[in-house]
Amino acid sequence: MELQIIQNKIYEVRGQKVMLDFDLAKLYNVETKALKQAVRRNIERFPADFMFELTDDEYNSLSDRIRSQIVTLEMDGRGKYPKYAPFAFTEEGVAMLSGVLHSKIAVEINISIMRAFVTLRNQIANNADIVAELGSRYNERLQWLERKFDARHEAIVHRLSNVERRLGCRHSRPQTKHLSYEIKIRDYSRKAVVIFTENTENAQLLLAIGARHNSWLTWQGERVKGWVFPKSRFDEILQLLPEDWFMQKSNRHEN
């Protein structure tokens, strides 16, 4: 028997690949009623992970493909739909069926069914590898776009800083090469720090290195003024700090 025919009768229910009793009965060339009776007589061989009965909701949600197969089967004589909900057999349950039906054809068909399950499993595994590879490519592309965006963002900020320096003629050339002790440096975001200072000379120096003044920063729930500077260039801030700035800061905390 062609594996494709069997694979078309393998469905997913409760997250498991299963075959339904009427499909198996047709493959084994027995009545569905006889198959169910054989299972019930040997119910101890069919624990929940081997076989389970579909609930009404599961049965009602069967796809059109499954329903189209149901209506072609000979049911209980009361109509084209089964009187009882079908049994669903996992791969282990299907393997167990050949031992309770006691027929040569059941053994032969089961061999084909086991091969179909294995083939389907391999297809799923191959698809998972493809999905994983596509996910890896997507992540690489996303990281490349992020790096591209960061570079462009930094270039724009740098240009804006140059414009601010050109337009900010009211600011005189910095008279000092170091920031004063009273500045406060805080971690503001993943890519920036904010510097708080009321000192005019500090402001001139920060403007000269491209820091961006923002009068509408949100800090600890309040609107404040500050200077925003990229973390990627934080070494430039460190070079402008007095040599004993960190020591003075530590002493202030202790006092």
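Guide: Gladly! Keep in mind that this is a predicted model. Let us begin with Phe46, Phe87 and Phe89, which form one aromatic cluster.

Visitor: How many aromatic pairs are there by this rule?

Guide: The count comes to two aromatic pairs.

Visitor: Why is the pair of phenylalanine 46 and phenylalanine 89 called edge-to-face?

Guide: Two rings pair if their centres lie within 6.5 Å, and planes over 60 degrees apart count as edge-to-face. The ring centres of phenylalanine 46 and phenylalanine 89 are 6.0 Å apart and their planes stand at 80°, so the pair is edge-to-face.

Visitor: What makes this pair a tie between parts apart in sequence?

Guide: Phenylalanine 46 lies in the loop between helix H3 (32-41) and strand S3 (51-53), while phenylalanine 89 belongs to strand S4 (residues 87-89), so the pair ties together parts that are 43 residues apart in sequence.

Visitor: And what do we call the pair of phenylalanine 87 and phenylalanine 89?

Guide: Try the cut-offs again: with centres 6.3 Å apart and planes at 70°, the rings of phenylalanine 87 and phenylalanine 89 are edge-to-face.

Visitor: How do you know whether phenylalanine 46, phenylalanine 89 and phenylalanine 87 are buried or exposed?

Guide: Buried means under 20% relative accessible area. Phenylalanine 46 has 4%, so this residue is buried. Phenylalanine 89 is buried with 0%, and phenylalanine 87 is buried with 5%.

Visitor: Which charged end sits over the ring of phenylalanine 87?

Guide: That of lysine 36, 4.8 Å from the ring centre. For this label the distance has to be within 6 Å, and the charge must also be within 35 degrees of the ring normal.

Visitor: Where is threonine 90 found, and why is this residue called buried?

Guide: Threonine 90 is in the loop between S4 and helix H6 (91-101). The relative accessible area of threonine 90 is 3%, so the residue counts as buried.

Visitor: What makes a polar contact of threonine 90 and glutamate 92?

Guide: One condition is that a pair of N or O atoms lies within 3.5 Å. The side chains of threonine 90 and glutamate 92 make such a contact at 3.2 Å. Leaving aside residues up to four places away in sequence, threonine 90 also touches Gln16, Lys17, Val18, Asp49 and Phe50.

Visitor: Now the sheet: in which order do the four strands come?

Guide: The order in this open sheet is S5-S6-S8-S7, with antiparallel pairing.

Visitor: Why are strand S5 and strand S7 called edge strands?

Guide: Strand S5 (184-187) and strand S7 (212-219) each pair on one side only.

Visitor: How do you know that S7 and S8 pair?

Guide: Two strands pair if there are at least two bridges between them. S7 and strand S8 (residues 222-230) have six, in the antiparallel sense. In S8, valine 224 is the bridge partner of leucine 217. Strand S6 (residues 192-196) passes too, pairing with S8 over four antiparallel bridges; here isoleucine 195 has tryptophan 227 as its bridge partner.

Visitor: What lies between S7 and S8 in the hairpin?

Guide: Two residues, and glutamine 220 in the turn has a positive phi of about 50°.

Note on methods
Residues numbered from 1 in each chain as written. Heavy atoms only, no water. Phe/Tyr/Trp six-rings, centres within 6.5 Å; stacked < 30°, edge-to-face > 60°. Buried < 20%, exposed > 50% of the residue type's maximum accessible area, 1.4 Å probe, protein only. Polar contact = N/O pair within 3.5 Å; in protein donor to acceptor, adjacent residues only side chain to side chain. Contact = heavy atoms within 4.5 Å.
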